[in-house]
Amino acid sequence: MAKDKDNEIKRLPRGRNMTSRRFKVFFQFSMIGLAFVMVFAVFYRCTVQKNRLDSDDVEIIQFDTPADDAPVCVFETTMGTYKAVLYPDIVPDYCEYFTDLVNDGYYDGTYVFAVQDGVYFMGGSKTDDGTTNDDTNTKNYERELSPKLWPFKGSLVAFGDEKGLFVKETLAGSRIMFVNSVEFTDEFKEELDNAGGNKTLVEAFKEHGGVPNFSQQYTVFGQVIDGMDVYDKICSVEVNSEETKKPMNDIQFTKVYMTTYGEIKSSLSSSDSSSDSVADSSEESSESK
């Protein structure tokens, strides 16, 4: 009996070693599989990004004169007022959500909380640094992408949380990204020309400005049609640091409300009386850099 017991005790370490080896093998294969998935995901994203400007059914509508019944959002800020037309026929879910928030007074008193020179400014936060508090609307929507709406200078982009750890897809939430414009140097224009994208779209970016790299990544739901001088001032404010991008001085939306193009077209400033002013502002901004 004592001998059998000794043999049983001797066998136990060997069993544990076998389990340990199996676990190591399983762990190694799991890590290899995970690495393969991550490499594939990166490859897929690179492939998708490479073809973001390559669309056969592109239609540039953001610089057309809106219909009289087109919804327009008025942004009154501590730096002045600008107005943007919305596209509910193309982006129905988010436009309804955004309009409801506006009509509820959600954006009154919210902040511009980040400014990236030459790229964007971010607004619509209940806090001055973009963090979430108890008053923040945290609902998120799936992206609504369209070959008719692009991140030109002056476009309004819905910005929410990321969809997941391995799906780096930014959902549409209550915060708003107001797109500025990268510098369209001769070298950059040549890169766009040689990238093989849709020529109509490439020419539109070169004419109107914007951030081509944002194309087909986010929900574009509006376009500024009036007050680009105010918009440009916000785009160029000083920030506390490149890390936080928080404006040096607070900028707030004092009042945000809905109207229609027909109701405000007679009051549009002379420099912004048509959507062509967006293009003029973009060209002036690029030349000044």
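Student: How do S5 and S7 pair, parallel or antiparallel?

Tutor: In this predicted model, strand S5 pairs with strand S7 (residues 219-226) in the antiparallel sense, over 4 bridges. Within that pairing, Ala158 is opposite Thr219 of S7, and Val157 is opposite Val220 of S7.

Student: What holds strands of a sheet together in general?

Tutor: Backbone hydrogen bonds pair them, in either a parallel or an antiparallel arrangement.

Student: And which residue of S6 is the bridge partner of Leu156?

Tutor: The partner is Phe178. Strand S6 (residues 175-179) also pairs with S5 in the antiparallel sense, again over 4 bridges.

Student: How many residues of S5 are buried?

Tutor: For S5 (residues 155-159), 5 of the 5 residues are buried, so the strand is largely enclosed by the rest of the structure. Ser155, Val157 and Phe159 point one way from the strand, while Leu156 and Ala158 point the other way. Residues on both of these sides are buried.

Student: Where does S5 sit in the order of the barrel strands?

Tutor: The order is S1-S2-S7-S5-S6-S4-S3-S8, which places S5 between S7 and S6. The barrel is closed, has 8 strands and pairs them in the antiparallel sense. On average, neighbouring strands of this sheet are turned by 35° against each other, with direction ignored.

Student: Which strands does H2 touch?

Tutor: Helix H2 (residues 92-103) packs on the sheet and touches S1 (71-77), S2 (80-86), S5, S6, S7 and S8 (251-260). The direction of H2 makes about 115° with that of S8.

Student: What about H5, which strands does it lie across?

Tutor: Helix H5 (residues 228-235) lies across S1, S2, S3 (111-116), S4 (120-125), S5, S6, S7 and S8. Relative to S2, H5 runs at about 105°.

Student: Let us turn to Leu86. Is it buried or exposed?

Tutor: Leu86 counts as buried because its relative accessibility is 3%, under the 20% cut-off. The residue lies in strand S2.

Student: Which residues does Leu86 touch?

Tutor: Leaving aside residues up to four places away in sequence, Leu86 touches Pro71, Cys73, Cys95, Phe98, Thr99, Leu156, Phe221, Gly222 and Met258. Among them is Leu156, a residue of S5 that is itself buried.

Student: How far apart are the C-alpha atoms of Leu86 and Tyr261?

Tutor: Their separation is 10.0 Å, although the two residues are 175 residues apart along the chain.

Student: A change of topic: at what angle do the axes of H3 and H4 cross?

Tutor: The axes of H3 (residues 186-194) and H4 (residues 199-208) cross at roughly 165° and come within 9 Å. That angle makes H3 roughly antiparallel to H4. The crossing is right-handed.

Student: Which residues make the contact?

Tutor: H3 contributes Lys189, Leu192 and Asp193, and H4 contributes Val202, Glu203 and Lys206. By class, the contact comprises 2 nonpolar, no polar and 4 charged residues.

Student: Finally, how many helices and strands does the protein have?

Tutor: The protein has 7 helices and 8 strands. Of its 289 residues, 43% count as buried.

Methods. Residues are numbered from 1 along each chain as its sequence is written. This is a predicted model: local features need pLDDT of at least 70, side-chain atom pairs count only at pLDDT 80 or more; totals for chains, interfaces and linings use all residues. Side-chain values use heavy atoms; hydrogens and water are left out. Buried means under 20% relative accessible area, exposed over 50%, partly exposed in between (1.4 Å probe, protein chains only). Helices (H or I, at least four residues) and strands (E, at least two) are DSSP runs, numbered from the N terminus. Two strands pair if DSSP finds at least two bridges between them. Axes are lines fitted to C-alpha atoms, for helices over the stretch in contact, and angles run from 0 to 180 degrees between N-to-C directions. Angles under 35 degrees count as roughly parallel, over 145 as roughly antiparallel, 65 to 115 as roughly perpendicular and the rest as oblique. A crossing is left-handed if the near helix is turned anticlockwise from the far one by less than a right angle, and right-handed if clockwise. Contact means heavy atoms within 4.5 Å. Ala, Val, Leu, Ile, Met, Phe, Trp, Tyr, Cys and Pro count as nonpolar, Asp, Glu, Lys and Arg as charged, and the others, Gly among them, as polar.
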